[in-house]
Each structure stands twice: as C-alpha cells, then as structure tokens.
Amino acid sequence: MKNKSRVQLRTLTECALLVGLATALSFVKVYQAPLGGSVTLLSTLPIMYLSIRHGVLYGLGSGFIYSLIQLWQGSGNLAYVPTAAGVVGCIMLDYILPFTLLGTAGIFCRNKEKISLWQVLAGVITATVLRFACHFIGGGIVWYEITKTGEWNDYVQKVGMWTYSFVYNITYLGPDGAMAIIASTALPSLEKALKKAKL
C-alpha cells in the first residue's frame, strides 16, 4: 500500500512539473499570429509526453489543468466576443478542449514497458490534429463573425468562414504541431533512458 501511494505521489509530482514546464515554454514565442495564437517552443510536448509516460487519464487531467492556465493567460481575448454563447464557445474551443485533448497522445502506448516510435508518433499526431480541429471549429463559428468586421474584412468575406479558419489556424498550429511531432521522435529514447535509471 505504501509503495502504491509513493508511486501515485511521484506520478502526480511529475505531472505538476510537466504542466509547469509546458506553461513556461508557452511564454517562449517563436511567432505571434496577428489575431491571436502563436508558435511556441514545444509547449505542448510536456503534456503529450506525460500521457505517453503515465497514460491517457493522467494526460487528460494534466491537459485540463494546463487548459485552465492557458484560459487565464488568454482571458483578455474574451473581451472581443460580443455574446454569452460566443464566450462559452471560445472558452471550450480555444482553451478547454484543445489543450485537454493533448492528453490523448498516449492512446496507442498500451504497454508502458515498451514504447515504440510509431506509437509515439501516432499519438502525438492524433493529439495535434484534435487540437487543430477544435481551433478550426472555433475559428469558423466564433471568430469568423468577429473578424469579418475588422481589418481582414475583404479577405474573410471572400473566402468564407471555413477557409478563413483553416488558413489562419494552420499558419501557427501547423509549424507548432510539426515541431512537436519532430521533437517527439526523441521520446522513446528518453523513456528508455529514464527506465534504465529507474526514474
């Protein structure tokens, strides 16, 4: 019983540290998109890694905590949303769901003793696509109506809500996700080294 409690405490401590690391990395912006969103220095990878290392439940829980931190940091964006339904949509589709779903990255890693590169890549790509899908839907149903009256008026009205949302979101989520996917190729080796060191 003591050993089980010790393992759980250690796992929760690791989750807290990785959420803290993700938060710190989210401040290191490689590119800032003009209407919100940015390419960061691998800020999503710690959440995805802990899902791979400890399982989807820990990943989703930690992703949810991280989403609340991101919501707090970006709460000023809610002032641009004119309706209550839009605010709820923005909170869910720009913060809660996309960052929580980063925790799905461990979905293919059933055997924690042997994690393959293909399992890691499949999980990280899945989590990255789910995050993009949330922002894409949010851009179409929340931000399109707001943006089409602003400086992007001509472009947005010409291409329509879904093309606008796809093009805008891919400009920063594409590079951000690609960097995380490339960096994730090092995770199996990291995990192997940690297990060898009994960490």
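Mentor: Helix H4 bends by about 35° at Met-92, where the bend at a residue is the angle between axes fitted to the seven residues ending there and the seven starting there. The model is a predicted one, in which local features need pLDDT of at least 70 and side-chain atom pairs count only at pLDDT 80 or more, while totals for chains, interfaces and linings use all residues. Residues are numbered from 1 along each chain as its sequence is written, and side-chain values use heavy atoms, with hydrogens and water left out.

H4 covers residues 84-100, helices being DSSP runs of H or I with at least four residues, numbered from the N terminus. From first C-alpha to last, its 17 residues reach 22 Å, close to the 24 Å expected at 1.5 Å a residue, a span taken as 1.5 Å times one less than the number of residues. Among its buried residues are Cys-90, Leu-93 and Phe-99 (buried means under 20% relative accessible area, exposed over 50%, partly exposed in between, with a 1.4 Å probe and protein chains only), and the buried residues of H4 pack against helix H3 (56-73) and helix H5 (117-147), contact meaning heavy atoms within 4.5 Å.

As for the rings, Phe-132, Phe-136, Trp-162 and Phe-166 form one aromatic cluster; rings of Phe, Tyr and Trp (its six-membered ring) pair if their centres lie within 6.5 Å, and planes under 30 degrees apart count as stacked, over 60 as edge-to-face and the rest as tilted. Phe-132 counts as buried because its relative accessibility is 16%, whereas Phe-166, at 41%, counts as partly exposed.

Technical notes:
Helix = DSSP H or I, 4+ residues; strand = E, 2+ residues; numbered from the N terminus.
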